[in-house]
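Work through the following exercises with the sequence and the model open. Each task is followed by a solution in steps.

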Amino acid sequence: MKLLEEKIKQDGVAVNKHILKVDSFINHQVDPGLMQEMGQEIAGHFREKGITKVATIESSGISPALMTALALNVPMVILKKQPSKILNQDLYQTVVTSFTKETNYELTLSKKYITADDHVLLVDDFLANGEAATAAIRLIRMSHATIAGLGVLIEKSFQPGHEKLAAQGIEVYALARIAKMGENYIEFQE
Ligand code: 5GP
């Protein structure tokens with residue numbers, strides 16, 4: 001998506017070779033018009049997949065997921081980062097390895113919001129090592145729902161997330177794919 005690539009070039013900050021900051025329009029301050037267009041783009045790509053729910057991981061996935069859900073006219077479900085409640089039979093739970101924070105955290109989903117009949121589109125802001133998406137898919141699959149695919153705003157294609165998910169049979173759609181970056185440059189994948 002050209003619009004997002006231009007915005008990243010203008011306002012994104014490659015902190016180093018691995019981390020891109022997009023705090024001024026995605027992660028901290030949010031550009032609602034751009035977010036809506038990105039949601040519509042992801043929704044358009046997956047429109048024929050019979051999606052019944054859009055799921056995301058709190059918190060930076062919420063803006064793109066909400067806009068995608070709005071465009072598809074389906075509910076959005078937030079997979080919550082919260083400590084495990086031992087033996088809570090109303091919840092599905094799994095552990096995620098966090099790339100940015102270098103810690104583990106628990107992801108939970110109430111059983112009533114995703115069920116076996118659902119076709120779930122997962123949406124997130126970034127795809128890096130694919131740990132968050134893999135854990136989210138694991139969690140959603142506990143409900144026996146179908147995963148329709150993964151839509152992300154930014155994929156860092158030099159990290160292994162895309163391949164990892166493709167190997168599990170997950171279709172990944174990324175609006176911007178970064179091939180390479182460093183302190184003063186960002187190169188997009190053709
Ligand atoms: P993964 O599990 O794919 O390694 O990382 C996914 C999560 O880490 C995303 O949901 C995002 O919140 C965060 N993340 C990964 N790489 C970046 C990055 O370069 N910049 C920012 N702002 N967040 C990132």
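**Exercise 1. Pairing around β7**

Find the residue of β7 that is the bridge partner of Val 54, then describe how β7 pairs with its neighbours.

Solution. The model is a predicted one. Step 1: the partner of Val 54 in β7 is Leu 121. Step 2: this strand β3 (residues 53-57) is joined to β7 by 3 bridges, and the two run parallel. Step 3: β7 also pairs with strand β8 (residues 146-156), again in the parallel sense, over 8 bridges. Step 4: on that side, His 119 has Thr 146 of β8 as its bridge partner. Step 5: between β7 and β8 the chain passes through helix α5 (residues 131-141), and this β-α-β crossover is right-handed.

**Exercise 2. Cover of β7**

How many of the 9 residues of strand β7 are buried?

Solution. Step 1: the cut-off for buried is a relative accessible area under 20%. Step 2: in β7 (residues 119-127), 8 of the 9 residues are buried, so the strand is largely enclosed by the rest of the structure.

**Exercise 3. The ligand shell**

Solution. Step 1: the ligand is surrounded by 17 residues, and the closest are Leu 20, Asn 129, Gly 130, Ala 132 and Lys 156. Step 2: at Leu 20, a backbone N or O atom is 2.7 Å from a nitrogen atom of the ligand. Step 3: at Ala 132, a polar backbone atom is 2.7 Å from an oxygen atom of the ligand. Step 4: Asp 125 uses its side chain, with a polar atom 3.2 Å from an oxygen atom of the ligand. Step 5: the ligand taken alone exposes 510 Å², of which the protein buries 88%. Step 6: two or more shell residues come from each of β7 and α5. Step 7: β7 gives the most, with 4 residues. Step 8: by class, the shell holds 7 nonpolar, 6 polar and 4 charged residues.

**Exercise 4. Pairing and cover of β6**

In which sense do β4 and β6 pair, parallel or antiparallel?

Solution. Step 1: strand β4 (residues 76-81) pairs with β6 in the antiparallel sense over 2 bridges. Step 2: in this pair, Lys 80 has Thr 108 of β6 as its bridge partner. Step 4: here the bridge partner of Val 95 in β6 is Glu 106. Step 5: strand β6 (residues 104-110) is mostly covered, with 5 of its 7 residues buried.

**Exercise 5. Backbone geometry in loops**

Solution. Step 1: the peptide bond from Glu 58 to Ser 59 is cis, with omega near 5 degrees. Ser 59 is in the loop between β3 and α4. Step 2: Asn 73 is not a glycine, yet has a positive phi of about 60 degrees. Asn 73 is in the loop between α4 and β4, and with a relative accessible area of 71% is exposed. Step 3: His 144, also other than glycine, has a positive phi near 70 degrees. His 144 is in the loop between α5 and β8, and at 63% relative accessibility counts as exposed.

Conventions: Residues are numbered from 1 along each chain as its sequence is written. This is a predicted model: local features need pLDDT of at least 70, side-chain atom pairs count only at pLDDT 80 or more; totals for chains, interfaces and linings use all residues. Side-chain values use heavy atoms; hydrogens and water are left out. Buried means under 20% relative accessible area, exposed over 50%, partly exposed in between (1.4 Å probe, protein chains only). Two strands pair if DSSP finds at least two bridges between them. A crossover is right-handed if, with the strands pointing away from the viewer, the path from the first strand over the helix to the second runs clockwise. A residue is near a molecule or strand if one of its heavy atoms lies within 4 Å of it. A polar contact is a pair of N or O atoms within 3.5 Å; within protein, one must be able to donate a hydrogen and the other to accept it, and residues adjacent in sequence count only if both atoms are side-chain atoms. Accessible areas come from the Shrake-Rupley method with a 1.4 Å probe; for residues, only the protein chains shown count as cover. Ala, Val, Leu, Ile, Met, Phe, Trp, Tyr, Cys and Pro count as nonpolar, Asp, Glu, Lys and Arg as charged, and the others, Gly among them, as polar.
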